[in-house]
Amino acid sequence: MAATVRLPAVAGRFYPDEPDVLRAEVNSYLDTTRQHTSALGCIVPHAGYIYSGHVAGAVYSELQIPARCIVICPNHTGRGQALSIMSSGEWETPLGRISIDSKLAGSLKQKFPMLTEDTEAHRTEHAVEVQLPFSQVFKQDFTFVPIVLGTRKCEILEALGLAIDEVLAQQSDPVLIISSSDMNHYENDRLTRIKDHKAIDQVLALNPRGLFDVVTQEEISKCGFGPSVAMLAATKQLGAKHAELIKYATSGDVSGDRDMVVGYAGIVIR
């Protein structure tokens with residue numbers, strides 16, 4: 001039986017659909033003077049490249065992309081299950097196809113049975129897809145596990161993170177956990193920066209519960225806070241010692257509109 005191929009849903013809208021143009025655009029966001037070093041996890045924005053590509057590129061410029069990755073994103077579409085995973089098949093971008101790491105996905109499902117095999121949540125969701133061309137530019141021969149989260153329950157998010165930790169602790173090779181997330185949405189630039197840095201402070205403190213609390217109590221519309229809580233819970237257990245804010249910006253830096261913006265933070269955890 002032929003493997004499932006998840007076709008690109010936002011090529012030509014969030015990023016170019018022509019391979020050469022896409023590769024050139026990704027390269028334009030990368031800083032070739034930076035030294036690539038290994039990391040346990042990262043937070044990377046997922047807006048259209050014109051708005052957040054420069055922040056994403058700053059993060060990927062710092063990273064040594066391993067052969068295996070987990071990419072966790074929020075559910076923007078409302079489709080599918082609350083904790084959705086794909087454990088087989090391939091994802092296609094204009095730069096080629098990437099295989100899902102079936103062995104790693106299977107271990108995650110076994111350790112955390114709440115993860116549900118589900119293609120519907122992934123079908124038109126953009127937030128994993130936009131990360132892949134950056135990784136492809138650096139490394140063609142990697143595999144990954146896509147996870148889409150539609151829950152806001154802290155206990156579940158932390159439990160998922162602990163399950164990821166237990167699985168990765170048994171691996172003989174490194175696995176990068178990518179949390180695909182934008183920051184505060186659709187408030188003015190000044191207020192967005194204030195709110196976002198409250199959330200960023202909790203990430204830099206490696207505090208998953210603190211991140212959850214500040215986002216919910218301060219009404220910070222950080223769409224990917226669930227993936228970030230899970231990623232922080234996992235990396236903290238894996239021995240994370242330091243988190244670094246690589247770059248912060250808002251959409252207003254590109255559009256010039258400061259009245260209604262979206263924030264973007266790029267953070268690396270080592």
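Predicted model: local features only at pLDDT ≥ 70, side-chain atom pairs only at ≥ 80, totals over all residues.

Trainee: Why are H7 and H8 called roughly antiparallel to each other?

Mentor: Helix H7 (residues 189-204) and helix H8 (residues 208-217) pack at about 170 degrees, with axes 8 Å apart. Axes are lines fitted to C-alpha atoms, for helices over the stretch in contact, and angles run from 0 to 180 degrees between N-to-C directions. Angles under 35 degrees count as roughly parallel, over 145 as roughly antiparallel, 65 to 115 as roughly perpendicular and the rest as oblique. H7 and H8 are therefore roughly antiparallel. Helices (H or I, at least four residues) and strands (E, at least two) are DSSP runs, numbered from the N terminus.

Trainee: Which residues make the contact of H7 and H8?

Mentor: H7 gives Lys 198, Ala 199, Gln 202 and Val 203, while H8 gives Gly 210, Leu 211, Val 214 and Val 215. Contact means heavy atoms within 4.5 Å.

Trainee: What makes the pair of Trp 91 and Phe 144 edge-to-face?

Mentor: Rings of Phe, Tyr and Trp (its six-membered ring) pair if their centres lie within 6.5 Å; planes under 30 degrees apart count as stacked, over 60 as edge-to-face and the rest as tilted. The search of the whole structure finds 6 such pairs. For Trp 91 and Phe 144 the centres are 5.6 Å apart and the planes at 90 degrees, so the pair is edge-to-face. Trp 91 is in strand E5 (residues 90-93) and Phe 144 in strand E8 (residues 143-149), 53 residues apart.

Trainee: And why is the pair of Phe 212 and Phe 225 called tilted?

Mentor: Their ring centres are 5.8 Å apart and their planes at 55 degrees, so this pair is tilted. Phe 212 lies in helix H8 and Phe 225 in helix H9 (residues 225-237), so the pair ties together parts 13 residues apart in sequence.

Trainee: How do you know whether Phe 212 is buried or exposed?

Mentor: Buried means under 20% relative accessible area, exposed over 50%, partly exposed in between (1.4 Å probe, protein chains only). Phe 212 has 12%, so Phe 212 is buried. Phe 225, at 4%, therefore counts as buried too. The buried residues of H8, Phe 212 among them, pack against helix H6 (154-168), H7 and H9.

Trainee: What puts Arg 6 over the face of Trp 91?

Mentor: A charge sits over a ring if NZ of Lys or CZ of Arg is within 6 Å of the ring centre and within 35 degrees of the ring normal. Arg 6 lies over the face of Trp 91 at 4.3 Å from the ring centre.

Trainee: Where does Ser 251 lie, and what makes Ser 251 buried?

Mentor: Ser 251 is in the loop between strand E11 (243-250) and helix H10 (252-255). Its relative accessible area is 9%, so Ser 251 is buried. Thr 250, found in strand E11, has 0% and is therefore buried as well.

Trainee: What does Thr 250 touch?

Mentor: Not counting residues up to four places away in sequence, Thr 250 touches partners including Asp 189, Thr 192, Arg 193 and Tyr 264. Its C-alpha atom and that of Ala 265, 15 residues along the chain, are separated by 8.6 Å.

Definitions and conventions
Residues numbered from 1 in each chain as written. Heavy atoms only, no water.
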